[in-house]
Amino acid sequence: MPDIVVVGAGIVGAACAYHAARAGLDVEVVDRGPVAGGTTGAGEGNVLVSDKEPGPELDLALLSNRLWRDLADHVGGFEFEAKGGLVVAETAETLRGLTAAAALTGKRGVEHVTVTADELSDYEPHLAEGLAGGVLYPQDAQVQPMLAAARLLRRGAGSFGAGALAVRTGVTVTGFLRDGDRVTGVRTDRGDILAGAVVNAAGTWGGELAALAGVRVPVLPRRGFVLVTEPLDRPLVRHKVYTAAYVTAVASDSAGLETSAVVEGTPAGTVLIGASRERAGFDRALSVPVLGRLAAQAVALFPALAGRRVIRAYCGFRPYCPDHLPVIGEDPRAPGLYHACGHEGAGIGLAPATGHLIAQLLAGHRPDLDLAPFRPDRFGEEHP
Ligand SMILES: Cc1cc2nc3c(=O)[nH]c(=O)nc-3n(C[C@H](O)[C@H](O)[C@H](O)COP(=O)(O)OP(=O)(O)OC[C@H]3O[C@@H](n4cnc5c(N)ncnc54)[C@H](O)[C@@H]3O)c2cc1C
């Protein structure tokens, strides 16, 4: 019998499993699909501290940023690039807002450098002219999320003395085993699995999984499209580059369509242009107007992208909670059930810290961060 069953083999489940195994626990990961077949396979891979306001999510992002660097050294193989993010402003007024925001997050440990209009081309030679300036965030980084999930699971399975890690794909969790209130394992379409504790890392489906245990955790889908260009013959974009409007779109509560392009090159030579945000349920239908808006915004930032071909577009569903914070911790309504879901558009970036904190709880240690803001029962029992 494993100490822990992790439901979900996305980046968050992989990070929980890796850290739990590293803490000496025996872990079994189950997923109804393949590794990284959920939203993790549809994300971009930004590891950002630049887009977060001071508060619990930023503290989580800073911890995660450090852990990603550690994982790059000790696990590796997932295209980690500590390339930095450049946030640009179209007007002097926006630049004042950007620098004021950077000064605030700077007090919490976010490194930043103010970039004047004249200096922009030193950082990004192909950037459009006429921008008012920007702020460079050296800690922003990039990973390949699917490789990262696979590498964490493989490394976790292969290396830590006491803790074993097994992964079973094609296994759907259909219910929970209980001893009174306490969760003692999962029911699956391949039989029951008894365990000391269960981790809900089911991403956008985390609310459905929680409901199987009789508890409410409101995770909703927030759709996003990403465009991928053909590989370019020479690198065009050095950092992650986005406009100040992106920060507003990320924090917005609007159900309507928001687009604000983040543009970045990849080691393969392609340019990733993401991403839109809208509440459209689980509708996968391709939206050409949305893709057109993203492409136009990317070309406005990097005019040399005009005429380059798009080879691929894909969409995914961010796991979105009404207060934009993830759900991390043991559920007091169902002891033995730990949630690690609802990371919205930052689950790649926040995965290592989430896994580390969950592993600390599972091993009976005091977590490095105060988890009160991420409490599973903070939403009450009202259904939307
Ligand atoms: C367009 C787009 C761009 C994004 N860009 C970024 C970015 O740049 N940086 C960033 O940090 N984040 C980004 N995100 C968000 C990020 O992708 C997610 O927050 C993250 O992937 C969530 O990971 P997860 O492991 O929680 O969920 P998932 O990867 O969805 O994993 C959950 C898994 O649970 C499994 N599952 C569900 N129910 C069951 C069940 N009953 N039984 C068994 N298995 C089950 C699913 O099959 C799935 O594999 C983006 C998202 C989108 C859509």
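Reader: What does the secondary structure of the protein chain come to?

Author: In this predicted model, the protein chain has nine helices and 19 strands. Its radius of gyration is 21 Å, close to the 21 Å that the globule rule gives for 384 residues, so the chain is as compact as a globular protein of that length.

Reader: And what does the C-alpha trace span along its principal axes?

Author: The C-alpha trace of the protein chain spans about 65 × 40 × 40 Å along those axes.

Reader: How much of the chain counts as buried?

Author: Of the 384 residues, 55% count as buried. The chain exposes about 15,200 Å², and carbon and sulfur atoms supply 52% of that area.

Reader: Among contacts between residues at least 6 apart in sequence, what share joins residues at least 24 apart?

Author: The share is 75% for the protein chain.

Reader: Let us turn to the ligand. How many residues surround it, and which are the closest?

Author: The ligand is surrounded by 36 residues. The closest are Asp-31, Thr-40, Asn-46, Glu-344 and Gly-349.

Reader: Which elements each supply at least two residues of that shell?

Author: They are helix H1 (11-22), strand S13 (220-229), strand S17 (310-320) and helix H9 (347-362). The largest share comes from S17, with four residues.

Reader: How do the shell residues divide into nonpolar, polar and charged?

Author: The shell around the ligand has 16 nonpolar, 15 polar and five charged residues.

Reader: What about Thr-40, how far is its polar side-chain atom from an oxygen atom of the ligand?

Author: That distance is 2.5 Å for Thr-40. For Asp-31, an N or O atom in the side chain is 2.6 Å from an oxygen atom of the ligand. Val-12 takes part through its backbone: a polar backbone atom of Val-12 is 3.0 Å from a ligand oxygen atom.

Reader: How much of the ligand's accessible area does the protein cover?

Author: On its own the ligand has 1,000 Å² of accessible area, and the protein covers 97% of this.

Reader: Back to Glu-344. Where does it lie?

Author: Glu-344 is in the loop between strand S19 (337-341) and H9. This residue is also among the closest to the ligand.

Reader: Is Glu-344 buried or exposed?

Author: Glu-344 counts as buried because its relative accessibility is 8%, and the cut-off for buried is under 20%. Its phi is near 45°, a positive value in a residue other than glycine.

Reader: What is phi for His-324?

Author: His-324 has a positive phi of about 65°, although it is not a glycine. His-324 sits in the loop between S17 and strand S18 (327-330). It is buried, with a relative accessible area of 15%.

Reader: Now peptide geometry. Which residues does a cis peptide bond join?

Author: A cis peptide bond joins Gly-274 and Ala-275, with omega about -15°. Ala-275 belongs to strand S16, which covers residues 271-277.

Reader: Where is the place of Thr-266?

Author: Thr-266 is in the loop between strand S15 (258-265) and strand S16. Leaving out residues up to four places away in sequence, Thr-266 touches Gln-142 and Leu-272.

Reader: What does Gln-139 touch, not counting residues up to four places away in sequence?

Author: Gln-139 touches Val-47, Val-49, Leu-62, Asn-65, Arg-69, Gly-109, Val-110 and Glu-111.

Reader: Finally, Thr-105: which helix is it found in, and is it buried or exposed?

Author: Thr-105 is found in helix H3 (residues 92-106). At 5% relative accessibility, Thr-105 counts as buried.

Reader: What is Thr-105 in contact with, leaving aside its neighbours within four places in sequence?

Author: Thr-105 is in contact with Lys-52, Glu-53, Pro-54, Leu-58 and Val-110. Val-110 is also one of the residues that Gln-139 touches.

How values were computed: Residues numbered from 1 in each chain as written. Predicted model: local features only at pLDDT ≥ 70, side-chain atom pairs only at ≥ 80, totals over all residues. Heavy atoms only, no water. Buried < 20%, exposed > 50% of the residue type's maximum accessible area, 1.4 Å probe, protein only. Contact = heavy atoms within 4.5 Å. Near = heavy atom within 4 Å. Polar contact = N/O pair within 3.5 Å; in protein donor to acceptor, adjacent residues only side chain to side chain. Areas by Shrake-Rupley, 256 points an atom, 1.4 Å probe, with all protein chains shown as cover. Nonpolar A, V, L, I, M, F, W, Y, C, P; charged D, E, K, R; others polar. Rg over C-alpha atoms; globule rule 2.2 N^0.38 Å.
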